[in-house]
Amino acid sequence: MSKRILVVDDSATMRDMLTQYLQTADYLVATASSRAQALEILKTERYDVIVTDLNMPEMDGFGLIQSISELDWDPGLIIVSHQDERALYSARELALAYSVNLLGVLTKPIDKGLLLSTLNDVASMRDTDKKGAETVLIESEFIRGLLTDGLAPVFQPKLNLKTRKVAGAEVFARWRAPGGGLLGAGAVLRIAEEKGFMDVLTYRMMELALEQQGRWHRQGQDVKIAINVSSENLRKEDFADIVLGLTDQFDVKPGMVRLELSESDFHVDERVPLEVLSKLKAAGVGLSLDDFGAGFASLVRLKTIPFDELIVDREFVGRALEDKMARIILESAIDLAHKLDLSCNCEGIEDTAHLKMVQDLGADTAQGYLIGKPMAPEEFLIWSEDFNDGVLTIPGLNIAE
Ligand code: C2E
Ligand code: CA
Ligand code: CA
């Protein structure tokens, strides 16, 4: 029997094209132009595979992924999109988190051969009546996991380019998936945001990171920790007290902790964050402006908020070797940071050419896969011991100057 495919896309051209491709391969095809329409169709008809665009006006493809996970059968999903890699990546993670049967992710313009081979690759489709209930990250599991052992923080080294010493580590959220793997930060954040658990997530991440810091201290390594926080956290009047309560509880000096606030996520005109941030700063906690780069709109924030570090977005760092504009922004960001007496961190260093470039431009610290990927705590300890002992060298770090 022919497989039944539902195509969801807001563009009529795209729907027609996909229908044509699929019909020539003998699939039975239905189409929907919105999430609502798709859900309506899925109420009465079962489909083996859903092919959907990621970004449509009155719906987000992300919402559709969630709705698909709630169906009482388990269709395959193919995402088609012209979105950037990062969005696609988080769609992939979300599909994994919701245990949706993701068959593939294709970017526009769609290659017919690739589409059909993605469908064919699924040698035997899963029994469409059974749902792997144990692999779904549901709300109650998320809450339980948040309070127990669901979160598995990973640590990425940050290198001081002037002293060539480890400047600290940034901690990222990962989730122990029921199947044994680790889910990325994208999936964790999305669920936390959706379900209203951003505060719990942040406090739990801090707790785990500070606890780890204590463990490393006892093992002979003092590691400064950078923790990502969201603007939602800062809107809580007691945020500073809670953070300082945690440093106290785990016996960590506030100066060993740094908070990273994303430029895109930050509104300077709110009174509470300023008070909260000033209080943290006065106690010695470091404050970084993360993801800096999209123009200089954030200049005004730099003046008002007591940041002491500026983190250049990895997009700009990544593009700066071949893209002149990106290079100018990177250079100006480093220069601006120094003029404002801030230190400047460059993220996303993936090769020696980029490391050399940011060293030459005078960046203070750097992070990226070339230096070290985000690692489990035990791995990080070994990494930093090896680095400090000179067993591990970073290619390109010593060729500058
Ligand atoms: P971010 O703070 O800008 O973190 C950098 C992201 O880039 C991390 O992804 C990191 O794994 C990745 N990365 C590091 N080096 C490289 C590199 O050389 N090349 C490339 N391509 N990527 C690199 P991750 O862990 O998926 O985190 C994504 C974002 O999620 C973070 O962006 C941060 O904004 C947020 N996030 C992660 N953990 C937490 C958390 O516990 N709380 C909050 N509020 N946000 C978090
Ligand atoms: Ca960050
Ligand atoms: Ca960043």
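Predicted model: local features only at pLDDT ≥ 70, side-chain atom pairs only at ≥ 80, totals over all residues.

Author: Happy to; what follows goes through the aromatic pairs, then turns to rings under a charge and to a metal site. Residues are numbered from 1 along each chain as its sequence is written, chains are lettered from A and ligands numbered from 1 in the order in which they are written, and side-chain values use heavy atoms, with hydrogens and water left out.

A pair of aromatic rings is described by the distance of the centres and the angle of the planes. Here, rings of Phe, Tyr and Trp (its six-membered ring) pair if their centres lie within 6.5 Å; planes under 30 degrees apart count as stacked, over 60 as edge-to-face and the rest as tilted. The count by this rule is eight aromatic pairs. One of them joins Phe155 and Phe380, tilted, with 6.5 Å from centre to centre and 50° between the planes. This pair links distant parts of the chain, 225 residues apart: Phe155 belongs to strand S8 (residues 154-160) and Phe380 to helix H16 (residues 377-389). Helices (H or I, at least four residues) and strands (E, at least two) are DSSP runs, numbered from the N terminus.

Phe380 also pairs with Trp383: the centres are 6.1 Å apart and the planes at 25°, so this pair is stacked. Both residues lie in helix H16, three residues apart, about one turn of the helix. Buried means under 20% relative accessible area, exposed over 50%, partly exposed in between (1.4 Å probe, protein chains only). Phe380 is buried because its relative accessibility is 1%, and Trp383 is buried at 8%. Phe155 is buried as well. Ring pairs link Phe155, Trp216, Phe380, Trp383 and Phe387 into a cluster.

Two other rings have a charge over them, meaning that NZ of Lys or CZ of Arg is within 6 Å of the ring centre and within 35 degrees of the ring normal. The charged end of Arg4 sits over Tyr47, 5.0 Å from the ring centre, and Arg319 lies over the face of Phe316 at 5.5 Å.

Finally, the metal site: the calcium ion (ligand 3) and the calcium ion (ligand 2) are 4.2 Å apart, and Asp290 coordinates both. Asp290 is buried, at 5% relative accessibility.

Notes
Donors = N, O, S within 2.8 Å, 3.2 Å for Na, K, Ca; no water.
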